[in-house]
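Please read it alongside the sequence and the structure shown here.

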Amino acid sequence: MPDLTVEGLNLGYGGATVIENLDLRLNAGELITILGANGAGKTTLLNGIMGLVRPRAGRVVLAGRDIAGLAPEAIVHRGIALVPERRELFGTLPVETNLRLGGYRRSAAEAARTMEKVYALFPILAERRRQKAATLSGGEQQMLAIGRALMINPQLLMLDEPSIGLAPLIVRDILSVIGRLKSEGLTILLVEQNARLALEVADRGYVLEVGRIVLEGPSKQLAADERLSQAYLGGSSDYAALRDQIDAT
Amino acid sequence: METALFLLVDGITSGAVYGLVALSLILIYTVTRVVNIAQGEFVTLGALSFASILGGAFAPLAPIAMAGIAIFSVADAVTLKADLGARFRLVAGRTVWIALIAAVSTAAWANPGSYTLAAIAAVATTAALGPVLYRLSVEPAADASPIVLLIISVGVYMVLHGSAVLIWGAEPKSVPPIAAGGIVLGPVFVAYQSLWICILSLAVMAGLYLFSERTVTGQAIQAAAVNRVGAQLCGIPVSWAGQLSFALSAAFSALSGLLLAPLVTAHYDMGFTIGLKGFVGAALGGIVEYPTALIGVVFVGAVESFSAYNVSSFKDAVVYLLVIPILLWRNAFRPPQEH
Amino acid sequence: MRPKWLSTGSVDATNAAWVTGTVVFGAICVAAGALPIYYVTLLIVVGLTALSASGLTLLLISGQVSLGHAAYVGIGAYAAAIAARDFGVPPLFALPVGIVCAGAAAVLVGIVTLRLKGHFLPLATLAFGIAVSVIFTAAGPVTGGASGLSQIPPLTLLPGANDRAYAVLIWLILLVLAAGFSRLLHARTGRAIAALRSHGEMAEVFGVDVARMKFLIFVIAAMLAGLSGGLYAFYFKFLSPAPFGLTASINLLIACILGGAVHPFGAVLGAVAVMVLETLLQNTVARAFGLSGHVEMIAFGIILVGVLLKWPGGIWSAVERFWPTFKVIKPERNVELAPFVRQAEGELLTLQSIGKNFDGLRALDNVSFSVRSREIVGLIGPNGAGKSTVFNIATGFLAPTDGTVALMGGAPPRRLSDLPARGVARTFQHVKLVPNLIVIENVAFGGFSQGRAGIFSGMFGLDRAEEHAVFAKAWRALEIVGLDSLADKPASDLAMGQARLVEVARALMSQPSILLLDEPAAGLRTGEKLKLAGLLQRLKRSGTSVLLVEHDMDLVMNCVDRLIVLDRGRWLASGEPEEIRKNSDVIAAYLGA
């Protein structure tokens with residue numbers, strides 16, 4: 001299991017810079033979460049590590065080798081898998097084919113074995129194996145996207161907002177699967193808007209704002225942080241206060 | 001009755017040729033989302049190459065293809081972010097391809113008059129152009145809208161068309177059939193060439209179908225078109241998929257060109273109308289489903305034959321006019337797949 | 001007393017179009033007067049090509065395509081020529097005959113091909129184009145066939161007018177239209193046209209009659225081609241089928257795309273570029289190689305491919321940086337929240353025993369609930385429970401298999417474009433913002449149903465007051481959702497959560513009485529969700545009701561008055577948030593422990 005170190009990473013589109021001079025470290029076997037507001041650059045960061053966006057400067061070092069600038073196919077070959085925000089499934093193809101294609105670089109036998117493991121992890125996918133991916137519900141699609149990434153047998157799994165649009169029950173299921181994967185030794189990078197849940201499973205976290213890291217530390221420390229609570233960890237009391245405020249006007 | 005059968009056979013033969021072209025169009029479309037206006041030119045290039053190789057010339061397209069591959073190899077080796085070993089392997093692999101092309105061309109050149117070798121050389125050298133064209137004109141435009149991709153392919157058409165005249169001149173060249181003569185099936189005489197056309201076309205179509213639907217590589221290639229990012233995340237080399245589709249597509253069209261050439265003579269203008277009719281057939285059949293495209297092109301071929309016989313000056317008009325009611329009918333009962 | 005912000009002119013880009021047009025026109029007048037007659041002919045040909053191309057560009061901007069467009073040029077040409085020569089119609093009146101005939105052909109093609117989906121439509125346009133040109137050749141007695149139609153009387157508007165004046169006339173028409181279309185793109189109809197291209201269904205919801213508008217633009221494009229054809233006929237006084245065939249259609253497309261099918265000036269640029277390139281190649285390459293024809297073709301092809309690879313948006317996208325970007329200046333006064341809602345009383349939405357079947361699957365079964373005025377209702381349940389289906393049935397996107405729906409006092413409108421008039425607005429599960437427009441234009445589009453300005457007003461600036469009002473309101477809507485700082489950004493640059501909030505702002509523009517929101521909180525973090533909750537509360541107090549599909553429990557539990565829980569297409573529970581939170585069925589199926 002490798003370490004991932006990001007040094008001085010610079011990413012952008014067209015004229016704009018989205019990520020500026022970013023440093024990040026992920027130790028083998030850790031689950032790191034990245035929190036941040038909309039537009040902070042979390043998705044761009046993951047895409048940059050994955051090679052979908054070419055870094056303008058900086059290094060991304062995986063197990064001692066700099067992978068910045070490699071094509072996504074090559075990065076997959078090095079053992080990084082991404083579950084993107086929009087899932088990017090093959091909608092017109094059945095579940096089984098989606099999974100099999102995830103194992104494209106594996107031999108048929110290896111792929112078959114990993115597919116069984118994925119079905120064990122997500123039994124509903126086994127039930128729906130011949131259904132076209134586009135006909136699955138949101139939660140099932142998310143499971144398929146994760147399953148497809150697992151077919152790569154990755155050493156590092158990156159997830160971009162896996163809980164968006166999912167029912168609370170499903171979110172718990174997925175987070176428990178993530179926890180299980182972590183306990184099996186998989187290194188995980190989790191970008192998540194549900195900060196409370198993310199900090200529950202993560203070892204450490206980074207907070208990203210406008211392309212820069214503004215806060216980092218062990219998850220317990222972050223959960224207790226004042227500034228963070230306000231922006232990311234609000235609760236019912238905040239809503240009640242809001243209602244009172246509006247009623248008063 | 002005899003006339004009708006004769007026209008039917010004629011129609012099926014043309015249909016089979018258009019079918020190969022339609023298949024090529026569909027292949028490129030399914031993988032790259034490009035409607036390849038230049039497709040007909042591969043037919044021309046294949047036919048003309050075949051004619052000159054048979055006549056003793058060294059495959060005219062070979063140097064161009066080899067140069068193209070060589071240039072891209074150097075460019076890739078320089079820009080590739082990898083260690084020396086990987087770069088070396090890349091160049092070595094490409095060199096093998098170049099050597100193959102050279103070998104095939106030389107073999108054909110050393111044996112002038114050998115039908116098989118000439119055919120192989122013509123198809124191989126035309127096919128080798130495919131990936132080069134893909135990398136030059138399609139890959140850099142991956143994010144462009146479909147209509148822009150279409151106009152780019154028009155530009156490619158212009159380059160290929162002009163080049164054909166430049167290399168071979170404007171004179172048509174005659175080409176012998178695979179086997180002269182034919183057999184008599186009932187009241188109708190069927191040329192051997194027609195039979196070969198139908199057999200080979202069907203074989204190619206069947207092979208391609210099996211490849212796309214039954215092998216992982218074939219499905220990976222299709223997946224690259226369904227969702228490019230998703231395919232990249234699976235480690236599917238999308239560029240390679242595009243190149244392969246262009247290579248196969250050029251090969252099929254070249255094959256149809258050299259099959260057709262004995263019937264219509266090889267000349268620089270043969271590609272455009274064939275490409276257009278192939279396109280009509282493919283689109284009628286539903287541009288992503290080739291079993292039905294087969295029906296579409298046979299229909300086009302048949303209609304063309306019959307109307308050529310009856311109202312020759314209007315034959316093209318009839319084909320194109322009939323397209324609209326057919327589209328309406330298909331749209332009502334079997335609409336095109338959404339993508 | 002005009003407010004100060006009205007006179008600063010909220011947009012520079014539109015003025016630029018007319019200014020540029022005037023300048024170019026001036027140059028053309030000079031050129032037409034000074035250049036040798038050979039170049040004046042070129043000027044005329046380029047102008048005519050650009051005229052046809054401008055219609056085609058408008059068509060492409062609206063997301064449609066016409067692969068046989070030269071056919072309409074031909075129809076206009078032959079109709080005008082035959083009317084003038086064989087029926088004695090004065091050429092000035094024969095021109096409109098040509099235009100009308102081209103338009104009529106387009107109407108026919110449009111009606112016949114209206115239903116075609118996917119790639120069938122382009123194929124039909126291609127087939128039409130080829131068939132028409134073949135008919136021109138075959139219909140000898142009428143059109144003169146391949147040998148052509150000659151002895152066409154000339155068009156003379158003024159006595160003593162010559163070819164040079166003709167060139168000026170053509171360019172006058174062209175530039176007026178191009179500048180007008182340019183301005184149109186940033187006006188009410190232009191926003192709708194942009195929406196047509198990317199999200200037709202969404203455009204319907206905001207009041208655009210999509211089919212009608214697409215049809216209208218198709219016919220306009222054909223009529224412009226017909227005008228160009230008529231002018232061509234009266235200049236050359238001789239017609240043959242050759243310039244109206246497939247090659248001509250493809251050349252038109254090349255001109256459009258090379259110039260940039262994103263802006264009407266692209267058509268002009270493209271036509272000029274093609275002519276310049278052809279002439280240049282003829283003179284240089286032919287002389288250098290002593291060959292002709294095919295070498296020029298190769299060179300042209302290489303240049304065409306090269307330019308498009310570098311600038312897929314055509315030449316226009318390369319020079320666009322010199323063009324003022326569209327911006328809207330923030331108005332000084334504040335529009336109140338009240339105009340964003342429309343008061344209504346009673347039951348605004350009632351679903352009674354709704355059932356829905358999809359291909360034998362029972363997606364919904366016996367679902368009933370209602371939304372009254374001034375309340376926020378949440379619809380929750382597992383993925384696949386049928387919430388989106390309920391939404392779609394409530395707004396008339398789908399018809400229920402069983403049961404009845406009452407929306408704002410009646411059945412859901414037959415046409416989706418009538419929803420805003422009823423006081424209903426919605427957002428979508430997958431973000432549907434128009435990527436080519438900036439954020440504030442996207443929001444302004446939400447006010448489409450309340451505007452009146454049409455194509456003519458949009459082209460010639462008769463809509464200033466209405467546009468300023470719409471943008472003032474759009475600013476306020478953005479402020480309400482807290483995203484006014486993003487007003488000038490292209491919508492494609494937004495993060496998902498931001499885009500959702502912009503959709504809410506857009507939905508407010510039509511002054512809804514009931515607002516249906518599909519997962520508005522997806523991608524928002526806590527601070528942003530709090531703001532959203534506050535917004536919904538304030539809207540409720542001002543008189544709008546909200547029906548909310550949402551998975552985010554923070555928002556749902558703290559912000560809504562009532563909850564409806566669906567599971568597997570059936571009603572599972574309903575009540576106040578506190579009750580639902582403790583309901584064991586809901587916990588088992590949806591919330592988890």
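Two residues count as in contact when their C-beta atoms, placed from the backbone, lie within 7 Å. On that basis, 21 residues of domain 1 of chain C are in contact with 28 residues of domain 2 of chain C. The model is predicted.

**Domains of chain C**

- The domain assignment of chain C gives domain 1 as 13-247, and domain 2 as 338-344 + 375-392 + 412-591.
- Taken over C-alpha atoms, the centres of domain 1 and domain 2 of chain C are separated by 42 Å.
- On the side of domain 1 of chain C that touches domain 2 of chain C, at least two residues each come from α8 (163-184), α9 (188-198) and α10 (200-205) of chain C.
- The largest share of that side of domain 1 is supplied by α9(C), with eight residues.
- By class, the side of domain 1 of chain C that touches domain 2 of chain C has 10 nonpolar, six polar and five charged residues.

**Helix pair in chain C**

- Helix α3 (residues 37-61) of chain C packs against helix α12 (residues 246-259) of chain C at an angle of about 70°, and their axes are 9 Å apart.
- Angles of 65 to 115 degrees count as roughly perpendicular, and α3(C) and α12(C) are therefore roughly perpendicular to each other.
- The crossing of α3(C) and α12(C) is right-handed.
- From α3(C), the contact is made by C:Thr49, C:Ser52, C:Ala53, C:Leu56, C:Thr57 and C:Leu60; from α12(C), it is made by C:Leu252, C:Ala255 and C:Cys256.
- The residues of this contact between α3(C) and α12(C) divide into six nonpolar, three polar and no charged.

**Interface of chain B with chain C**

- Chain B has 33 residues in contact with 35 residues of chain C.
- Both α6 (146-168) and α13 (315-333) of chain B supply at least two residues each to the side of chain B that touches chain C.
- With 14 residues, α6(B) gives the largest share of the side of chain B that touches chain C.
- The residues on this side of chain B comprise 24 nonpolar, seven polar and two charged.

**Interface of chain B with chain A**

- Here 15 residues of chain B are in contact with 22 residues of chain A.
- Two or more residues of the side of chain B that touches chain A come from each of α8 (216-226) and α9 (228-233) of chain B.
- The largest share of the side of chain B that touches chain A is five residues, from α8(B).
- This side of chain B has nine nonpolar, five polar and one charged residues.

**Sheet and helix in chain A**

- Four strands of chain A form an open sheet in the order β2-β1-β4-β5, with antiparallel pairing.
- β2 (16-26) and β5 (65-66) of chain A stand at the edges with a single partner strand each, so one side of each has no neighbour in the sheet.
- Strand β1 (residues 4-13) of chain A pairs with β2(A) in the antiparallel sense over seven bridges.
- The bridge partner of A:Val6 in β2(A) is A:Leu24.
- Helix α1 (residues 42-50) of chain A lies across β1, β2 and β4 (57-62) of chain A, and runs at about 70° to β2(A).

How values were computed: Residues are numbered from 1 along each chain as its sequence is written. Chains are lettered from A and ligands numbered from 1 in the order in which they are written. This is a predicted model: local features need pLDDT of at least 70, side-chain atom pairs count only at pLDDT 80 or more; totals for chains, interfaces and linings use all residues. Two strands pair if DSSP finds at least two bridges between them. Axes are lines fitted to C-alpha atoms, for helices over the stretch in contact, and angles run from 0 to 180 degrees between N-to-C directions. Ala, Val, Leu, Ile, Met, Phe, Trp, Tyr, Cys and Pro count as nonpolar, Asp, Glu, Lys and Arg as charged, and the others, Gly among them, as polar. Angles under 35 degrees count as roughly parallel, over 145 as roughly antiparallel, 65 to 115 as roughly perpendicular and the rest as oblique. A crossing is left-handed if the near helix is turned anticlockwise from the far one by less than a right angle, and right-handed if clockwise. Domain bounds come from an automatic or database domain assignment.
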